[in-house]
Amino acid sequence: MTLPTEMRAVEITEPGAAEVLKPCKRPVPSPRAGEVLIRLAYAGVNRPDALQRAGKYAPPPTASDLPGLEGAGEIVALGDGVSNLAVGDQVSALLPGGGYAEYVTTPAAHCLPIPNGMSMAQAACIPENYFTVWSNVFMRGGLKAGERFLVHGGSSGIGTTAIQLAHAFGARVFTTAGSDTKCGVCSDLGAERAINYKDEDFVSVLKDEGGADLILDMVGGSYINRNIKTLVPDGRMVHIAFLEGPVVEVNFAMIMAKRLTITGSTLRPQSDLAKARMADELRELVWPLLDAGKLQIVMDSTFSLEDAAKAHAWMETSNHIGKIVLKV
Ligand SMILES: NC(=O)c1ccc[n+]([C@@H]2O[C@H](COP(=O)([O-])OP(=O)(O)OC[C@H]3O[C@@H](n4cnc5c(N)ncnc54)[C@H](OP(=O)(O)O)[C@@H]3O)[C@@H](O)[C@H]2O)c1
């Protein structure tokens, strides 16, 4: 297959608001040892892309400076030592960056098959949310069947994934979201109780249920002390973002008295090996559910690659429900 030397992409011209994203031309990257080159059909849009665009989430040193952490497409070239994938395979892939482009490289170990019956657009929405939710809720947070699980931001890409996975693995799921419409979507996905945080206090709702065993939090700020109140003794809290800010005053005596575990992680800076281990668990435990149609990909909207700035502006209204994708 003859590959072009140049491709269409969208770059961050300077740190700033959505309009700093501009179409450009870039050289087609070459796969290094252990990597594949993918011609993308769709690229997923995620909040971390907006943080990177704003200059608050720098790419790791070896990653592309182009935004884009996930996508789906066809493998068009293999780096040295790749034997488990072939040119022509269609994959859904976690990317180290560079997804807002026609071609992207990523470790072969971070590629998963397109689940049965799924479109490329749906498959592009999977990796960032599934790797993040699986590693934080199950690997780090140790969620077990029968536990009460609270996820904030239930209508986000992360939230819609966390609700479905926790429900599928037998947990009782509680969630917060900012409108009744969003709460309705969360209930349809398997949340036992979706709390419109503008009308109701999640602390008292959960207190009536006996408290939360595990909380996945992306809000931080004023939620941190309220989460601590909501957790049962030996409860766990996993942070993946701080939409309301990371700095608060906390009485650590509560953490000691309740024997709480407070942790968190970001996906992107973790090693290729750590991400490959997540991919292995997802392939074994979660892909059968996707293949069987037991998990839905909640999609909000599709923009063209060149309209990435419009996609970011829409995401930052927080009016969307589920995932936004770019058609490459
Ligand atoms: N740690 C990691 O590795 C990792 C990986 C991926 C994503 N993340 C983070 O996880 C979060 C969700 O990502 P996503 O791509 O799924 O996001 P998203 O679809 O854009 O959704 C974020 C949602 O959070 C809700 N929200 C609650 N409080 C908010 C506040 N103070 N400001 C803005 N929104 C608020 C909003 O809905 P309401 O109407 O309900 O308020 C909003 O729709 C992001 O913060 C992202 O940076 C972390």
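Is Arg259 buried, partly exposed or exposed? Arg259 counts as partly exposed, at 48% relative accessibility. The legends below describe close-up views of a predicted model.

**View A. Arg259 in the loop between helix H8 and strand S13.** Arg259 lies in the loop that joins helix H8 (252-258) and strand S13 (261-264). Its phi is near 55°, a positive value in a residue other than glycine.

**View B. Asp234 in strand S12.** Asp234 belongs to strand S12 (residues 231-239). Although Asp234 is not a glycine, its phi is positive, about 70°. With a relative accessible area of 44%, Asp234 is partly exposed.

**View C. The crossing of helices H3 and H4.** Two packed helices are described by the angle between their axes and the distance between the axes. The axes of helix H3 (residues 127-140) and helix H4 (residues 157-168) come within 9 Å and cross at roughly 55°; H3 and H4 are therefore oblique to each other. The crossing of H3 past H4 is right-handed. On the H3 side the contact is made by Asn129, Tyr130, Thr132, Val133, Trp134 and Phe138, and on the H4 side by Gly157, Ile158, Thr161, Ala162, Leu165 and Ala166. Of the residues in the contact of H3 with H4, eight are nonpolar, four are polar and none is charged.

**View D. The buried residues of helix H7.** Within helix H7 (residues 223-230), the residues Tyr223, Ile224, Asn227, Ile228 and Thr230 are buried. Viewed down the axis of H7, the buried residues fall within an arc of 160°, so they line one face of the helix.

How values were computed: Residues are numbered from 1 along each chain as its sequence is written. This is a predicted model: local features need pLDDT of at least 70, side-chain atom pairs count only at pLDDT 80 or more; totals for chains, interfaces and linings use all residues. Side-chain values use heavy atoms; hydrogens and water are left out. Buried means under 20% relative accessible area, exposed over 50%, partly exposed in between (1.4 Å probe, protein chains only). Helices (H or I, at least four residues) and strands (E, at least two) are DSSP runs, numbered from the N terminus. The arc is that of the directions from the helix axis to the C-beta atoms. Axes are lines fitted to C-alpha atoms, for helices over the stretch in contact, and angles run from 0 to 180 degrees between N-to-C directions. Angles under 35 degrees count as roughly parallel, over 145 as roughly antiparallel, 65 to 115 as roughly perpendicular and the rest as oblique. A crossing is left-handed if the near helix is turned anticlockwise from the far one by less than a right angle, and right-handed if clockwise. Contact means heavy atoms within 4.5 Å. Ala, Val, Leu, Ile, Met, Phe, Trp, Tyr, Cys and Pro count as nonpolar, Asp, Glu, Lys and Arg as charged, and the others, Gly among them, as polar.
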